[in-house]
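These are my notebook entries on one structure.

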Amino acid sequence: MSNHYDVIVIGAGPAGYVAAIRCAQLGMKTACVEKWLNKGDKPALGGTCLNVGCIPSKALLEATEFYHSAVHGFEDLGITCSDIKLDVPKMISRKDKIVAELTGGIEGLFKANGIDWLVGTGTVLADKKVRVTALDDTPSNYSANNIIIATGSVPIDLPITPLESDVVVDSSGALEWQSVPGKLCVIGAGIIGLELGSVWRRLGSEVVLLEAMDSFLPMVDAQVAKDAMRTFGKQGLDIRLSTRVTGSSVNGDKVTVRYQDSDGDHEMLVDKLIVAVGRRAYVHGVLSDEAGVELDERGLIHVNDSCETNVPGIYAIGDVVRGPMLAHKGSEEGVMVAERISGETSSVNYDVMPNVIYTHPEVAWVGKTEEQLKADGVDYQAGTFPFAASGRAKAKGDVGGLVKILRDKKTDRMLGAHIIGPSASELLGQSVLAMEFDATIEDIAHTIHAHPTLSEAMHEAALSADGRAIHIANRKRR
Ligand code: FAD
Ligand code: NAD
């Protein structure tokens, strides 16, 4: 095996492995360095997303949603379930099996595309050389015409609440419990707090989320965030805003959480604590001084819109650079960089980035919120449609939430779409496509939507933007 490559990718998460596959598709001799060790210390591809992120969390969200429906949701449908048993270890091992299948699938794709997986830790040296330190600490040097850094992110830890065995955990630890905690506290009512809080709440935990900020999901459209806060509260997620954790201590198999709110200092005794206060870029050991790659003031690798660092031929993508920490954002950057290296014109449309919180109901959005449009002084109009008026949502017995579409009053272009409700993640795709193709709201209004589908709510929201919705009373008529 020659030690010189057209491209060496460091990190095989959704940013890095997609970049490597696209480079290989374009005929470049490609290697990918990855150090991840899974359970049993088995090297694995797929990064955070496949091993401890998107996929395992969704496997548990799906399984627990079925359990919760069987226990609480089927009676209205005329189905009485009795003797329902919960087998948490089986649920966790199903999740592990899904992870193993998918990470093994990436390994298969690497082989099929002729990509060399260099198992170990990659460090960028001077002159586009990469040192790979194997798992047994043996170093080997490689060189490349181009290097793509995709080393991702890790959970932010709070020194005042140190992780401890399986009692005080980060998001990865909260995917491994073999039994349901009686009382669970989550620090941070962000995306991970809500998704993993939902998993354990559905299985019966009493869940308290302590959130330092005074607003709930500030990046979400305020109307949708308000609806979400109310709905999650009804489900038993006890979300406490303006609440700052000041410390924790483990006593045996319990943990005492200390926190402050407007009433003063408090303590809470819980069975488990999840620290979910955000993630930070991972650059530890990736860049030698002589590599000359600059970081920004937040410790992310500094890149331009094309993901080029300050060193020609060295790129960085995914969670390790600016922008939302989302798997699909990293993957698209991987494709863009691979195509640009091969001489093609390629870009990422950061303005049309889908976002989803996989709670029930799901929360999904793209583009601007009403608050952002107001702040920007844009002359916009909102069209909304509640799922309570959707025949399909009624048939499903899942009528909470709404679709909101925002349009530019002058151009009729879609500026944003915000959904809380059943299958919001899948429904969002239509709006993402519409925005990517610069569709007008009239285009959506003209598009025939199958009946009865949840997607009709999108159609009706578009119609309602200028008072033409059929299945709700409009505020104004054309
Ligand atoms: P990562 O996936 O973090 O991969 C980086 C890889 O680089 C790792 O495998 C690491 O081992 C490797 N690496 C680091 N340094 C080196 C080195 N020096 N040498 C060799 N290898 C190295 N995003 C979504 O879009 N949808 C979701 O539903 C979603 N759910 C999530 C749920 C949870 C619980 C978590 C924690 C995250 C979730 N995310 C989700 C975020 C998503 O996982 C990340 O945005 C995504 O994984 C980032 O991809 P990446 O390739 O940039 O980095
Ligand atoms: P987050 O930024 O979404 O939420 C962290 C929350 O913790 C914030 O609301 C913050 O105000 C709060 N916080 C910070 N310090 C605190 C303190 N000391 N006390 C109380 N609250 C505190 O981060 P996350 O939930 O850890 O998720 C990390 C990233 O992973 C997300 O930003 C997202 O990009 C990605 N992710 C995405 C998905 C998805 O796409 N469905 C799912 C999970 C994670």
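Which side chains meet in a salt bridge at 2.8 Å, N to O? I found K404 and D221, where a salt bridge is a side-chain nitrogen of Lys or Arg within 4 Å of a carboxyl oxygen of Asp or Glu. The rule gives one salt bridge across the interface of domain 2 and domain 3. On the domain 2 side, α5 (191-202) and α6 (222-234) each supply at least two residues that touch domain 3; helices are DSSP runs (H or I, at least four residues) numbered from the N terminus. The largest share of that side, seven residues, comes from α6.

I note that this is a predicted model, in which local features need pLDDT of at least 70 and side-chain atom pairs count only at pLDDT 80 or more, while totals for chains, interfaces and linings use all residues. Residues are numbered from 1 along each chain as its sequence is written, chains are lettered from A and ligands numbered from 1 in the order written, and side-chain values use heavy atoms, without hydrogens and water.

I looked up the bounds, which come from an automatic or database domain assignment: domain 2 is 168-277 and domain 3 is 353-465. Their C-alpha centres lie 29 Å apart. I recorded 17 residues of domain 2 in contact (heavy atoms within 4.5 Å) with 19 residues of domain 3.

I then searched for disulfides (cysteine sulfur pairs within 2.5 Å) and found zero in the whole structure. The sulfur of C23 is too far for a bond, because the closest cysteine sulfur, in C32, is 9.8 Å away.
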